[in-house]
Amino acid sequence: MSHRQPVRVTEIDSYSTIIDARTPAEFELDHIPGAINCPVLSNEERVTIGTIYKQVSPFEAKRLGAAMVAANLSKHLYETFSDKPANWKPLVYCWRGGLRSGSMVTWLRLVGWDAQQLAGGYKAFRRQVVDDIESIVPQMQMRVLCGATGSAKTRVLHALKQLGEQVIDLEGLARHKGSLLGSLPGVAQPSQKHFETLLAGELKALDLSRPVYLEGESPKIGRVALPLVLVQCMRQSTVVEIQASASARLSYLLRDYAYLGDDVEKLCERLSFLKEIQGNATVTRWQEWAQARALPSLFDELMHLHYDPLYERSQSKHFVQWDQRSSWEVDDLSDAAIERLAQSIASA
């Protein structure tokens, strides 16, 4: 068995099993990609120990905490780790690389496994994520896809990826389509930290000598904020605009947002947020269309009265190279047409 010494964040990739010893709540908020959650304290136990630490004494908290940790470790040894071979070499981390991961490593090593502890724990990993984003983003050769709502920008990105181009799908990482109506049914957005973890993972895989395509986004996608450095660099970058006809966009939107007709109440609630901009009469009409499932009429007016004016006002103001953009006019956004468009953009 090798000498026990804390492992640095840069060495994580050499471990096949990464164990997050924190609570399920901490794990859900963010975790190292690929890690499995084997908590030494449950959510409730951690709260209990914290309360005893403050209200009774640190000694009493440690005594009871040790008993809880031992019980949870016993369960993991009986169940989660029961099939691990003698040469298993897991990497364990907790919040700061302290007692929770340390206690698990101690027991795993007593069994005979070559368990290692991550130096600095999750906090060290988090610092690395922030540093990776700050250092890699300014080196990217960005090609920013722009186009009015319904221009199939995300689908074009996916088609570019199929062609072997480098793509970062920010809306995919944020699990949100970016617009007022963009939340996906039954799909929760990741936490801010987990979004950044996912983004850093994509950035580290890039070949920085080649272009990277991504969609021109607002500073926020739903409730997830883009890192400031990404917004700044995006706005300085080369712009590729998709100029799709209104009829093609309406047809695409009706396919892409068809599920909105399944939850009329939610759709009406979202539309109500536009009353301040569009006025009560307009929004009431839209809500009536929503209730009647008259989505063609609704999306047609949303495009012309809301999304298009916003798009026209914002693009030239936000993108430094807007006047030098390359534009692609299309009047068809079927799957085959999107593939042809992606090929044209990639070969330009």
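This is a predicted model: local features need pLDDT of at least 70, side-chain atom pairs count only at pLDDT 80 or more; totals for chains, interfaces and linings use all residues.

Trainee: What's the strand order in the open sheet?
Mentor: The order is S2-S1-S3-S4, four strands with parallel pairing. Strands here are DSSP runs of E with at least two residues, and helices are runs of H or I with at least four, numbered from the N terminus. Two strands pair if DSSP finds at least two bridges between them.

Trainee: Which strands stand at the edges?
Mentor: S2 (36-37) and S4 (116-117). Each has a single partner strand, so one side of each is left without a neighbour in the sheet.

Trainee: And how many bridges join S1 and S2?
Mentor: Two, with S1 covering residues 18-20. Asp20 has Asn37 in S2 as its bridge partner.

Trainee: New topic: what's the phi of Ala152?
Mentor: Near 65°, which is positive in a residue other than glycine. Ala152 sits in the loop between strand S5 (141-146) and helix H6 (153-162).

Trainee: Is Ala152 buried or exposed?
Mentor: Buried, because its relative accessibility is 3%. Buried means under 20% relative accessible area, exposed over 50%, and partly exposed in between (1.4 Å probe, protein chains only).

Trainee: What about Arg175, where is that?
Mentor: In the loop between helix H7 (170-174) and helix H8 (192-204). Phi of Arg175 is positive too, near 50°, and Arg175 is partly exposed at 32% relative accessible area.

Definitions and conventions
Residues are numbered from 1 along each chain as its sequence is written. Side-chain values use heavy atoms; hydrogens and water are left out.
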